[in-house]
Amino acid sequence: EWLSVEGHEAAELIDIFLCANVVSCFLYTDIAATFGLRRVIIFAAFLMAAGCMLRSGVPIPWDWSADGLAGSMPAYPSEVVGTVLVGAAQPFFQCSPPLLSATWFGSSERALATATAINFNQVGIATAFLVGGFMATTPAGMH
């Protein structure tokens with residue numbers, strides 16, 4: 001049904017997301033070492049928010065769709081750019097728990113802090129998949 005609504009396969013966005021994610025994962029350690037954890041997390045939060053806004057359908061000045069879905073579903077190019085931004089930002093939240101634990105916690109607390117952060121990151125991802133899956137069961141649910 002996604003194809004009938006969007007005109008593209010949903011797998012295209014997944015592939016775009018994963019490519020951006022993998023590239024960003026390889027760059028994370030060098031970027032974090034160069035700019036510091038605080039700056040990197042703030043910038044990644046900005047990228048994530050901007051990407052989510054582009055993907056959400058929130059009306060933005062440069063997103064005029066000719067198909068009557070403007071304001072409810074973003075144009076495909078906006079979805080692609082938003083997907084790249086979210087994919088590039090996510091590793092900064094996924095890969096930072098060990099660095100955060102080493103910075104904030106004592107040596108006897110690091111393993112628990114790292115495990116907790118990594119596992120709850122996965123809980124958040126699972127929740128997003130469940131909520132999204134329940135919302136997008138019909139073309140109307142994708143709007």
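This is a predicted model: local features need pLDDT of at least 70, side-chain atom pairs count only at pLDDT 80 or more; totals for chains, interfaces and linings use all residues.

Me: Let us start with α2 and α3. At what angle do they pack?
Reply: Helix α2, residues 10-35, and helix α3, residues 37-56, pack at an angle of about 120°. Their axes are 6 Å apart.

Me: How is that orientation described, and why?
Reply: Angles of 65 to 115 degrees count as roughly perpendicular and those over 145 as roughly antiparallel. With an angle of about 120°, α2 and α3 are therefore oblique to each other.

Me: Which residues meet there?
Reply: From α2 there are Tyr-28, Ile-31, Ala-32 and Phe-35, and they meet Leu-37, Arg-39 and Val-40 of α3. By class, the contact of α2 with α3 has six nonpolar residues, one charged and no polar.

Me: And α2 with α4, what is the angle there?
Reply: The angle between α2 and α4 is about 35°, and their axes are 7 Å apart.

Me: Is that crossing left-handed or right-handed?
Reply: The crossing of α2 and α4 is right-handed.

Me: Which residues are involved?
Reply: On the α2 side they include Leu-13, Phe-17, Ser-24 and Tyr-28, and on the α4 side they include Tyr-76, Val-80, Ala-88 and Phe-92. The contact of α2 with α4 divides into 14 nonpolar, six polar and two charged residues.

Me: Changing topic: how much space lies in the second largest pocket?
Reply: The second largest pocket holds about 150 Å³ of space.

Me: Which helices supply its lining?
Reply: Helices α2, α3 and α4 each supply at least two residues of the lining of the second largest pocket. The largest share, five residues, comes from α3.

Me: Can you name some of them, and their classes?
Reply: Among the lining residues are Ser-24, Ile-31, Arg-39, Phe-43, Leu-47 and Phe-92. By class, the lining has nine nonpolar residues, one polar and one charged. Ile-31 and Arg-39 also belong to the contact of α2 with α3.

Me: Last one: how do α5 and α6 cross?
Reply: The axes of helix α5, residues 97-104, and helix α6, residues 110-135, come within 9 Å and cross at roughly 145°. The crossing of α5 and α6 is right-handed.

Me: What makes that contact?
Reply: Pro-97, Pro-98, Ser-101 and Ala-102 of α5 make the contact with Arg-110, Ala-113, Thr-114, Ala-117 and Ile-118 of α6. The residues of the contact of α5 with α6 are six nonpolar, two polar and one charged.

How values were computed:
Residues are numbered from 1 along each chain as its sequence is written. Side-chain values use heavy atoms; hydrogens and water are left out. Axes are lines fitted to C-alpha atoms, for helices over the stretch in contact, and angles run from 0 to 180 degrees between N-to-C directions. Helices (H or I, at least four residues) and strands (E, at least two) are DSSP runs, numbered from the N terminus. Angles under 35 degrees count as roughly parallel, over 145 as roughly antiparallel, 65 to 115 as roughly perpendicular and the rest as oblique. Contact means heavy atoms within 4.5 Å. Ala, Val, Leu, Ile, Met, Phe, Trp, Tyr, Cys and Pro count as nonpolar, Asp, Glu, Lys and Arg as charged, and the others, Gly among them, as polar. A crossing is left-handed if the near helix is turned anticlockwise from the far one by less than a right angle, and right-handed if clockwise. On a 1 Å grid over the protein atoms alone, a cavity is a set of points where a 1.4 Å probe fits but cannot get out, and a pocket is an open set with protein on both sides within 12 Å along at least five of seven lines; lining residues have an atom within 4 Å of a point. Grid points are joined across faces, edges and corners, and a volume is the space filled by probe spheres set on the points.
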